[in-house]
Amino acid sequence: MIRPLEGIRVIECATFHAGPGASAIMGDLGAEIIKIEQPGSGDPIRSLKKIGKIPFGLPGGRNIFCEGANRNKKSVTVDLMTEKGQAIVHRLAKDADVFLTNFRRPALEKMNITYDVIRRINKNIIYTSVSAYGPKGPDSDRGGFDYQGQARAGVMYSMGEEGMPPLVCQFGILDQATACNASHQIMAALLARERFGISQEIKISILGSSMNLIYFNILTSLVGGFNVPRHKRSEEHPMRNHYKCKDGKWFMMTLNPPNKHWESLCLALEHPEFINDPRFNTDEQKLENAEELVAIFDKIIAERTRAEWLDIFNRYDFFCCAVNTMEDLAEDPQVLENNYLVDFDHPDMGKIKIPGYPAYFSECEAGMVSAVPELGEHTEQVLLELGGYTSEEISTMKDEGVV
(Lines give C-alpha, C1' and ligand atoms only; values in the text may rest on other atoms or scores of the structure.)
Protein backbone atom coordinates (compact mmCIF):
# COMPACT_ATOMS: atom_id res chain seq x y z
CA MET A 1 0.00 0.00 0.00
CA ILE A 2 1.08 3.57 -0.58
CA ARG A 3 1.96 5.96 2.22
CA PRO A 4 0.22 9.35 2.41
CA LEU A 5 3.38 11.46 2.09
CA GLU A 6 5.24 9.43 -0.53
CA GLY A 7 7.14 11.80 -2.83
CA ILE A 8 7.61 14.51 -0.18
CA ARG A 9 11.24 15.28 0.66
CA VAL A 10 12.34 16.90 3.91
CA ILE A 11 15.77 18.38 4.63
CA GLU A 12 16.34 18.42 8.39
CA CYS A 13 18.98 20.50 10.14
CA ALA A 14 17.91 19.90 13.73
CA THR A 15 18.94 18.22 16.97
CA PHE A 16 17.39 16.43 19.96
CA HIS A 17 13.64 15.79 19.60
CA ALA A 18 11.23 18.74 19.38
CA GLY A 19 12.31 19.37 15.78
CA PRO A 20 13.54 15.95 14.58
CA GLY A 21 10.46 14.26 16.03
CA ALA A 22 8.31 16.11 13.49
CA SER A 23 10.18 14.73 10.49
CA ALA A 24 10.19 11.27 12.10
CA ILE A 25 6.38 11.42 12.10
CA MET A 26 6.41 12.51 8.46
CA GLY A 27 8.69 9.55 7.77
CA ASP A 28 6.07 7.27 9.32
CA LEU A 29 3.76 8.67 6.64
CA GLY A 30 6.17 7.98 3.82
CA ALA A 31 8.16 11.20 3.38
CA GLU A 32 11.85 10.97 2.51
CA ILE A 33 13.82 12.51 5.39
CA ILE A 34 17.41 13.65 4.84
CA LYS A 35 19.01 14.49 8.17
CA ILE A 36 22.06 16.76 8.04
CA GLU A 37 24.53 16.03 10.86
CA GLN A 38 27.93 17.29 11.91
CA PRO A 39 30.77 15.00 10.73
CA GLY A 40 32.33 12.98 13.54
CA SER A 41 29.76 13.80 16.22
CA GLY A 42 26.32 14.08 14.66
CA ASP A 43 23.16 15.07 16.49
CA PRO A 44 24.04 15.33 20.23
CA ILE A 45 21.10 13.03 20.97
CA ARG A 46 23.22 10.16 19.59
CA SER A 47 25.50 10.32 22.63
CA LEU A 48 22.71 10.56 25.19
CA LYS A 49 23.40 7.47 27.30
CA LYS A 50 21.34 8.44 30.33
CA ILE A 51 19.15 11.17 31.77
CA GLY A 52 19.88 11.60 35.45
CA LYS A 53 20.21 8.07 36.78
CA ILE A 54 18.06 6.48 34.09
CA PRO A 55 20.01 4.57 31.41
CA PHE A 56 19.10 5.02 27.74
CA GLY A 57 21.95 3.10 26.11
CA LEU A 58 21.20 0.28 23.66
CA PRO A 59 23.30 -2.35 21.84
CA GLY A 60 25.45 -1.13 18.98
CA GLY A 61 26.15 2.22 20.65
CA ARG A 62 22.55 3.35 20.12
CA ASN A 63 20.19 4.95 22.61
CA ILE A 64 16.45 5.01 23.14
CA PHE A 65 15.86 8.72 22.57
CA CYS A 66 17.76 8.76 19.30
CA GLU A 67 15.75 5.75 18.08
CA GLY A 68 12.50 7.63 18.63
CA ALA A 69 13.58 10.99 17.24
CA ASN A 70 15.46 9.77 14.18
CA ARG A 71 13.63 6.77 12.80
CA ASN A 72 12.87 6.67 9.07
CA LYS A 73 15.78 8.97 8.10
CA LYS A 74 18.85 9.11 5.90
CA SER A 75 21.92 10.50 7.65
CA VAL A 76 24.19 12.84 5.68
CA THR A 77 27.21 14.39 7.40
CA VAL A 78 27.96 17.98 6.37
CA ASP A 79 30.00 20.64 8.16
CA LEU A 80 27.65 23.62 8.03
CA MET A 81 30.35 25.94 9.32
CA THR A 82 32.15 25.68 5.97
CA GLU A 83 31.14 27.32 2.70
CA LYS A 84 31.35 24.02 0.84
CA GLY A 85 29.11 22.39 3.45
CA GLN A 86 26.57 25.16 3.16
CA ALA A 87 26.64 24.81 -0.63
CA ILE A 88 25.80 21.10 -0.26
CA VAL A 89 22.73 21.83 1.84
CA HIS A 90 21.65 24.59 -0.54
CA ARG A 91 21.90 22.15 -3.44
CA LEU A 92 19.86 19.50 -1.59
CA ALA A 93 17.26 22.09 -0.58
CA LYS A 94 16.74 23.09 -4.20
CA ASP A 95 14.53 20.07 -4.89
CA ALA A 96 13.08 19.58 -1.40
CA ASP A 97 9.54 20.22 -0.24
CA VAL A 98 10.29 21.01 3.39
CA PHE A 99 13.25 22.47 5.27
CA LEU A 100 13.08 21.79 9.02
CA THR A 101 15.33 23.27 11.69
CA ASN A 102 15.35 23.97 15.41
CA PHE A 103 18.64 25.89 15.48
CA ARG A 104 18.49 29.34 17.01
CA ARG A 105 18.64 32.44 14.84
CA PRO A 106 22.35 33.28 15.37
CA ALA A 107 23.32 29.72 14.41
CA LEU A 108 21.11 29.79 11.30
CA GLU A 109 22.77 33.02 10.21
CA LYS A 110 26.28 31.59 10.71
CA MET A 111 25.33 28.45 8.78
CA ASN A 112 23.71 30.48 6.00
CA ILE A 113 20.46 28.47 6.17
CA THR A 114 17.92 31.12 7.21
CA TYR A 115 14.50 31.26 5.59
CA ASP A 116 15.54 34.11 3.31
CA VAL A 117 18.53 32.13 2.04
CA ILE A 118 16.67 28.86 1.50
CA ARG A 119 13.70 30.54 -0.16
CA ARG A 120 15.97 32.23 -2.70
CA ILE A 121 17.19 28.77 -3.61
CA ASN A 122 13.74 27.13 -3.65
CA LYS A 123 10.72 29.41 -3.94
CA ASN A 124 8.36 26.48 -3.25
CA ILE A 125 9.95 25.42 0.04
CA ILE A 126 7.97 25.04 3.27
CA TYR A 127 10.49 26.31 5.81
CA THR A 128 9.79 25.19 9.36
CA SER A 129 11.51 26.62 12.42
CA VAL A 130 11.03 25.15 15.90
CA SER A 131 12.09 27.21 18.93
CA ALA A 132 11.74 27.03 22.68
CA TYR A 133 9.61 30.14 23.29
CA GLY A 134 8.39 31.47 19.94
CA PRO A 135 9.75 33.85 17.26
CA LYS A 136 8.94 37.13 19.03
CA GLY A 137 9.46 38.62 22.48
CA PRO A 138 12.42 39.00 24.84
CA ASP A 139 13.16 35.26 24.96
CA SER A 140 12.86 34.50 21.25
CA ASP A 141 16.53 33.55 20.96
CA ARG A 142 16.75 31.63 24.23
CA GLY A 143 17.03 27.85 24.23
CA GLY A 144 14.94 25.35 26.10
CA PHE A 145 14.01 21.70 26.40
CA ASP A 146 10.93 19.72 27.34
CA TYR A 147 11.16 20.69 31.03
CA GLN A 148 11.05 24.39 30.13
CA GLY A 149 7.85 23.74 28.19
CA GLN A 150 6.29 21.93 31.14
CA ALA A 151 7.33 24.71 33.49
CA ARG A 152 6.55 27.86 31.56
CA ALA A 153 3.25 26.72 30.04
CA GLY A 154 1.76 25.78 33.41
CA VAL A 155 1.76 22.04 32.78
CA MET A 156 3.60 21.30 36.03
CA TYR A 157 0.70 22.79 37.99
CA SER A 158 -1.82 20.73 36.00
CA MET A 159 -0.67 17.42 37.51
CA GLY A 160 -0.69 16.03 41.01
CA GLU A 161 -2.80 17.01 43.99
CA GLU A 162 -3.23 20.26 45.85
CA GLY A 163 -0.33 20.97 48.17
CA MET A 164 2.18 19.01 46.13
CA PRO A 165 5.15 20.83 44.62
CA PRO A 166 5.06 21.34 40.83
CA LEU A 167 5.42 17.98 39.08
CA VAL A 168 7.22 17.00 35.87
CA CYS A 169 6.21 14.20 33.55
CA GLN A 170 8.82 11.82 32.10
CA PHE A 171 10.01 11.69 29.27
CA GLY A 172 9.83 14.23 26.44
CA ILE A 173 6.05 14.59 26.59
CA LEU A 174 6.09 18.20 25.38
CA ASP A 175 8.93 17.64 22.94
CA GLN A 176 6.62 15.04 21.40
CA ALA A 177 3.64 17.42 21.53
CA THR A 178 5.79 19.97 19.69
CA ALA A 179 6.82 17.36 17.13
CA CYS A 180 3.16 16.43 16.53
CA ASN A 181 2.22 20.09 16.25
CA ALA A 182 5.05 20.81 13.82
CA SER A 183 4.22 17.85 11.58
CA HIS A 184 0.58 18.96 11.54
CA GLN A 185 1.44 22.51 10.54
CA ILE A 186 3.87 21.32 7.84
CA MET A 187 1.20 19.14 6.27
CA ALA A 188 -1.29 22.02 6.40
CA ALA A 189 1.25 24.23 4.63
CA LEU A 190 1.87 21.53 2.00
CA LEU A 191 -1.87 21.39 1.36
CA ALA A 192 -2.02 25.20 1.10
CA ARG A 193 0.85 25.10 -1.40
CA GLU A 194 -1.04 22.54 -3.47
CA ARG A 195 -4.33 24.43 -3.35
CA PHE A 196 -3.19 28.05 -3.53
CA GLY A 197 0.32 27.87 -4.96
CA ILE A 198 1.95 29.52 -1.95
CA SER A 199 5.07 28.61 -0.03
CA GLN A 200 5.72 29.94 3.44
CA GLU A 201 7.64 29.88 6.68
CA ILE A 202 6.14 28.14 9.71
CA LYS A 203 7.26 28.97 13.24
CA ILE A 204 6.45 26.57 16.08
CA SER A 205 7.59 26.55 19.69
CA ILE A 206 7.69 24.22 22.65
CA LEU A 207 5.93 26.88 24.72
CA GLY A 208 3.11 27.37 22.22
CA SER A 209 2.65 23.63 21.72
CA SER A 210 2.63 23.06 25.48
CA MET A 211 -0.03 25.70 26.03
CA ASN A 212 -2.11 24.22 23.23
CA LEU A 213 -1.90 20.82 24.92
CA ILE A 214 -3.53 22.20 28.08
CA TYR A 215 -5.89 24.42 26.06
CA PHE A 216 -8.93 23.80 28.26
CA ASN A 217 -7.09 24.41 31.53
CA ILE A 218 -5.89 27.78 30.22
CA LEU A 219 -9.28 28.64 28.71
CA THR A 220 -11.05 27.77 31.96
CA SER A 221 -8.66 29.91 33.98
CA LEU A 222 -8.87 32.96 31.71
CA VAL A 223 -12.62 32.85 31.06
CA GLY A 224 -13.57 31.64 34.52
CA GLY A 225 -11.21 33.99 36.31
CA PHE A 226 -9.61 31.39 38.61
CA ASN A 227 -6.68 29.01 38.67
CA VAL A 228 -7.82 25.52 37.73
CA PRO A 229 -7.50 23.44 40.91
CA ARG A 230 -5.33 20.34 40.81
CA HIS A 231 -7.04 16.99 41.18
CA LYS A 232 -7.30 15.97 44.85
CA ARG A 233 -8.61 12.42 44.93
CA SER A 234 -10.23 12.58 48.35
CA GLU A 235 -12.16 15.73 47.44
CA GLU A 236 -12.80 15.14 43.73
CA HIS A 237 -16.14 13.85 42.54
CA PRO A 238 -16.33 10.19 43.65
CA MET A 239 -17.72 9.11 40.27
CA ARG A 240 -14.90 10.83 38.37
CA ASN A 241 -12.00 9.29 40.19
CA HIS A 242 -9.50 6.45 40.44
CA TYR A 243 -9.46 3.60 42.95
CA LYS A 244 -7.09 0.94 44.25
CA CYS A 245 -8.21 -2.69 44.14
CA LYS A 246 -7.44 -5.77 46.21
CA ASP A 247 -4.43 -6.69 44.05
CA GLY A 248 -2.88 -3.23 44.36
CA LYS A 249 -3.90 -2.23 40.83
CA TRP A 250 -5.89 0.89 40.03
CA PHE A 251 -8.74 1.76 37.69
CA MET A 252 -10.21 5.07 36.55
CA MET A 253 -13.92 5.67 36.14
CA THR A 254 -15.78 8.64 34.70
CA LEU A 255 -19.55 8.31 35.13
CA ASN A 256 -21.20 11.35 33.59
CA PRO A 257 -23.80 12.58 34.23
CA PRO A 258 -23.41 11.17 37.76
CA ASN A 259 -27.09 11.04 38.72
CA LYS A 260 -27.89 8.97 35.65
CA HIS A 261 -25.42 6.28 36.74
CA TRP A 262 -25.86 6.47 40.52
CA GLU A 263 -28.36 3.65 40.94
CA SER A 264 -26.46 1.35 38.57
CA LEU A 265 -23.21 2.04 40.39
CA CYS A 266 -24.73 1.19 43.76
CA LEU A 267 -26.02 -2.09 42.29
CA ALA A 268 -22.66 -2.87 40.68
CA LEU A 269 -20.96 -2.30 44.03
CA GLU A 270 -23.62 -4.52 45.66
CA HIS A 271 -24.66 -1.77 48.04
CA PRO A 272 -28.22 -0.81 47.03
CA GLU A 273 -28.71 0.88 50.40
CA PHE A 274 -26.81 3.90 49.08
CA ILE A 275 -29.30 4.53 46.26
CA ASN A 276 -31.57 6.65 48.44
CA ASP A 277 -29.02 7.69 51.05
CA PRO A 278 -29.85 11.34 51.85
CA ARG A 279 -26.13 12.21 51.94
CA PHE A 280 -25.79 11.38 48.24
CA ASN A 281 -29.21 12.06 46.69
CA THR A 282 -28.09 14.84 44.37
CA ASP A 283 -24.91 15.52 42.43
CA GLU A 284 -24.27 18.54 44.65
CA GLN A 285 -24.56 16.36 47.77
CA LYS A 286 -22.21 13.75 46.34
CA LEU A 287 -19.61 16.43 45.69
CA GLU A 288 -20.22 18.13 49.06
CA ASN A 289 -19.71 14.78 50.81
CA ALA A 290 -16.99 13.60 48.42
CA GLU A 291 -14.41 12.81 51.07
CA GLU A 292 -16.85 10.52 52.89
CA LEU A 293 -18.06 8.84 49.70
CA VAL A 294 -14.56 8.31 48.29
CA ALA A 295 -13.61 6.61 51.56
CA ILE A 296 -16.68 4.36 51.29
CA PHE A 297 -15.81 3.43 47.71
CA ASP A 298 -12.17 2.82 48.70
CA LYS A 299 -13.25 0.24 51.26
CA ILE A 300 -15.68 -1.54 48.92
CA ILE A 301 -13.33 -1.58 45.91
CA ALA A 302 -10.47 -2.98 48.01
CA GLU A 303 -12.48 -6.20 48.38
CA ARG A 304 -12.00 -7.35 44.76
CA THR A 305 -9.25 -7.41 42.14
CA ARG A 306 -9.16 -4.95 39.29
CA ALA A 307 -10.03 -7.62 36.74
CA GLU A 308 -13.13 -8.50 38.73
CA TRP A 309 -14.26 -4.88 38.95
CA LEU A 310 -13.63 -4.17 35.28
CA ASP A 311 -15.70 -7.23 34.38
CA ILE A 312 -18.56 -6.07 36.62
CA PHE A 313 -18.45 -2.47 35.37
CA ASN A 314 -18.33 -3.62 31.76
CA ARG A 315 -21.70 -5.31 32.24
CA TYR A 316 -23.15 -1.94 33.23
CA ASP A 317 -21.42 -0.17 30.30
CA PHE A 318 -19.58 2.17 32.65
CA PHE A 319 -16.78 4.33 31.24
CA CYS A 320 -14.01 2.68 33.21
CA CYS A 321 -10.54 1.33 32.44
CA ALA A 322 -7.30 0.16 34.01
CA VAL A 323 -4.65 2.64 35.11
CA ASN A 324 -1.79 1.06 33.15
CA THR A 325 1.91 1.16 33.75
CA MET A 326 4.10 1.32 30.63
CA GLU A 327 4.77 -2.41 31.02
CA ASP A 328 1.04 -3.14 31.23
CA LEU A 329 0.56 -1.71 27.74
CA ALA A 330 2.41 -4.64 26.16
CA GLU A 331 -0.26 -6.98 27.57
CA ASP A 332 -3.32 -4.82 26.88
CA PRO A 333 -5.37 -6.55 24.14
CA GLN A 334 -6.98 -3.28 23.05
CA VAL A 335 -3.56 -1.69 22.55
CA LEU A 336 -2.30 -4.68 20.59
CA GLU A 337 -5.39 -5.23 18.43
CA ASN A 338 -5.27 -1.61 17.24
CA ASN A 339 -1.51 -1.71 16.55
CA TYR A 340 -0.82 1.02 19.08
CA LEU A 341 2.16 -1.20 19.87
CA VAL A 342 3.72 -3.13 16.99
CA ASP A 343 6.58 -5.54 16.38
CA PHE A 344 9.65 -4.21 14.62
CA ASP A 345 12.76 -6.03 13.43
CA HIS A 346 15.62 -3.87 14.68
CA PRO A 347 19.08 -4.30 13.11
CA ASP A 348 20.84 -4.56 16.49
CA MET A 349 18.15 -5.69 18.93
CA GLY A 350 16.14 -8.08 16.79
CA LYS A 351 12.39 -8.24 17.26
CA ILE A 352 11.16 -5.50 19.61
CA LYS A 353 7.88 -3.76 20.37
CA ILE A 354 7.58 -0.06 19.57
CA PRO A 355 4.73 2.49 19.59
CA GLY A 356 2.71 2.15 16.40
CA TYR A 357 1.20 4.92 14.33
CA PRO A 358 -1.85 6.26 16.23
CA ALA A 359 -4.27 6.46 13.28
CA TYR A 360 -5.73 4.08 10.70
CA PHE A 361 -5.95 4.72 6.96
CA SER A 362 -8.27 2.53 4.89
CA GLU A 363 -6.29 2.99 1.67
CA CYS A 364 -2.78 3.81 2.92
CA GLU A 365 -0.35 2.55 5.50
CA ALA A 366 1.72 4.36 8.08
CA GLY A 367 4.31 3.49 10.67
CA MET A 368 8.02 3.14 11.29
CA VAL A 369 9.96 2.08 8.20
CA SER A 370 13.59 2.05 9.31
CA ALA A 371 15.65 2.36 12.47
CA VAL A 372 18.07 5.21 13.13
CA PRO A 373 20.80 5.28 10.48
CA GLU A 374 24.45 5.15 11.37
CA LEU A 375 26.06 8.57 11.42
CA GLY A 376 26.68 9.59 7.80
CA GLU A 377 25.38 6.27 6.47
CA HIS A 378 23.73 7.86 3.44
CA THR A 379 26.15 10.70 2.72
CA GLU A 380 27.62 9.31 -0.48
CA GLN A 381 24.29 7.96 -1.76
CA VAL A 382 22.45 11.24 -1.25
CA LEU A 383 25.23 13.43 -2.65
CA LEU A 384 25.52 11.23 -5.72
CA GLU A 385 21.81 10.73 -6.41
CA LEU A 386 20.29 14.00 -5.21
CA GLY A 387 23.19 16.43 -5.01
CA GLY A 388 24.64 15.60 -8.42
CA TYR A 389 28.19 15.36 -7.05
CA THR A 390 30.74 12.99 -8.57
CA SER A 391 32.54 10.32 -6.58
CA GLU A 392 35.77 12.30 -6.98
CA GLU A 393 34.18 15.47 -5.59
CA ILE A 394 32.79 13.55 -2.62
CA SER A 395 36.17 11.95 -1.96
CA THR A 396 37.82 15.38 -1.95
CA MET A 397 35.25 16.80 0.43
CA LYS A 398 35.78 13.85 2.78
CA ASP A 399 39.50 14.55 2.79
CA GLU A 400 38.77 18.21 3.59
CA GLY A 401 36.40 17.27 6.45
CA VAL A 402 33.43 18.92 4.74
CA VAL A 403 31.43 15.67 4.79
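**View 1. Helix α1 is mostly covered in this predicted model**. Let's start with helix α1, which spans residues 20–28 and has 9 of its 9 residues buried. The buried set runs through Pro-20, Gly-21, Ala-22, Ser-23, Ala-24, Ile-25, Met-26, Gly-27 and Asp-28. Which elements do the covering? Among those that cover the buried residues of α1 are the strands β1 (9–13), β2 (32–37), β5 (73–77) and β6 (98–101). The helices α2 (64–69) and α7 (173–196) contribute to this cover too. Just after α1, take a look at Gly-30, whose phi is positive at about 105°.

View 2. Tyr-215 belongs to helix α9, which covers residues 215–224.

**View 3. Gln-381 sits in helix α16**. This helix is made of residues 379–385. Gln-381 has a relative accessibility of 30%, so this residue counts as partly exposed. Which residues does Gln-381 touch, leaving aside those up to four places away in sequence? The contacts are with Lys-74 and Leu-386. For a sense of scale, Gln-381 and Asn-122 are separated by 259 residues in sequence and by 22 Å in space, C-alpha to C-alpha.

Definitions and conventions: Residues are numbered from 1 along each chain as its sequence is written. This is a predicted model: local features need pLDDT of at least 70, side-chain atom pairs count only at pLDDT 80 or more; totals for chains, interfaces and linings use all residues. Side-chain values use heavy atoms; hydrogens and water are left out. Helices (H or I, at least four residues) and strands (E, at least two) are DSSP runs, numbered from the N terminus. Buried means under 20% relative accessible area, exposed over 50%, partly exposed in between (1.4 Å probe, protein chains only). Contact means heavy atoms within 4.5 Å.
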